[in-house]
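Good morning, colleagues. Please look at the structure on the screen while I speak about its salt bridges.

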Amino acid sequence: MKKLFALLCLFSSAPLFAQEYLPSVDRISKHIHTLASDQMKGRGTGSKENDKAAQYITKEFRKLGLLPMGSEGYWQPFTAKVKRVVVTDSLRKAKNVIGFLNNRAPHTIVIGAHYDHLGMGRQGSSLEKNPEGKIHNGADDNASGVAGLLELARYYTQNGVKEEYNFLFIAFGAEELGLQGSRHFLANPTVPLDQLNFMVCMDMIGRYNPDRGVGVGGVGTSDTWAKVFEGVEASVKFFTDRAGNGGSDNAAFYAKQIPVLFFHTGGHDDYHKPTDDVEKIDFKSEVGILNLEIKIIDNALKQPKMSFTPVS
């Protein structure tokens with residue numbers, strides 16, 4: 001009887017245990033509300049609020065037990081340059097935040113999302129008519145992607161499985177200034193580039209449109225992706241695209257001949273405007289997108305290290 005009772009307890013508690021590490025609406029909401037609040041003033045590169053965002057991500061990485069894999073602890077500092085507009089402070093301090101899950105495997109998967117945005121509209125790229133002095137919160141672009149990064153980091157550190165690959169989780173800085181954070185990492189890798197298997201990028205995954213679905217770019221960057229996607233089903237609609245050399249930080253990895261995937265829910269009228277606010281995020285659908293990503297990554301874990309294929 002005792003053994004039977006123990007088994008019943010185990011099975012009855014399994015769903016509760018699973019909820020601890022599977023993507024969660026509440027956690028995604030918390031992350032996006034924090035990063036896209038008015039107090040963060042748009043997380044512009046070089047601002048103290050951008051630094052606060054990096055500290056927030058660092059704290060989450062540390063809580064999950066990720067190993068620091070920057071050049072200075074979790075941080076990889078670099079100097080970013082504002083190029084699209086003329087400003088007196090064109091050179092700005094920036095950093096990538098990098099955490100490592102060491103499964104003692106020969107190869108590593110990179111999961112990335114940029115955490116910077118347009119700040120107070122003084123660094124270029126805003127599509128607002130008169131942007132200066134207005135907070136560009138960047139809830140979708142890209143607090144939504146950072147929330148996804150943190151949820152995937154939680155899943156792979158807490159799921160009780162030792163995967164066949166290591167994971168490198170990177171929150172990139174200065175993406176809005178021209179992929180400067182990802183390019184700096186690739187020029188100064190903290191894990192040798194020949195050990196990287198593939199890179200998954202999330203940029204704007206918070207505004208799901210059920211008519212369009214979530215786009216998954218980069219499936220042409222390795223012949224292996226076709227096997228990985230076989231039989232994959234999800235609670236959200238999705239479609240694939242072969243190209244891997246545009247959109248976000250994935251383009252920098254593609255240029256280094258590393259296979260990529262790029263998750264993106266599409267453009268909208270609030271893109272690069274002060275109206276990209278947290279109230280417009282579809283948290284439930286983001287959970288569905290992240291569950292889709294987990295299925296895809298888990299399938300990829302079963303495959304040998306991928307070979308890169310250029311997309312013409």
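Let me begin with arginine 92, which has a relative accessibility of 11% and counts as buried; buried means under 20% relative accessible area, exposed over 50%, and partly exposed in between, computed with a 1.4 Å probe on protein chains only. The side chain of arginine 92 meets that of aspartate 89 in a salt bridge, at 3.4 Å from N to O. Aspartate 89, at 40% relative accessibility, is partly exposed. By salt bridge I mean a side-chain nitrogen of Lys or Arg within 4 Å of a carboxyl oxygen of Asp or Glu.

A word on the basis: this is a predicted model, in which local features need pLDDT of at least 70 and side-chain atom pairs count only at pLDDT 80 or more, while totals for chains, interfaces and linings use all residues. Residues are numbered from 1 along each chain as its sequence is written, and side-chain values use heavy atoms, with hydrogens and water left out.

Next, please turn to aspartate 270, which is buried with a relative accessible area of 10%. Aspartate 270 forms a salt bridge with lysine 280, where the closest N and O atoms are 3.2 Å apart. Lysine 280 is partly exposed, at 38%.

Which residue meets aspartate 270 in a salt bridge at 2.9 Å, N to O? The partner is arginine 207, and both side chains belong to buried residues.

Finally, Lys30, Glu60 and Lys63 are linked in a network of salt bridges. By the rule I have stated, the count comes to 8 salt bridges.
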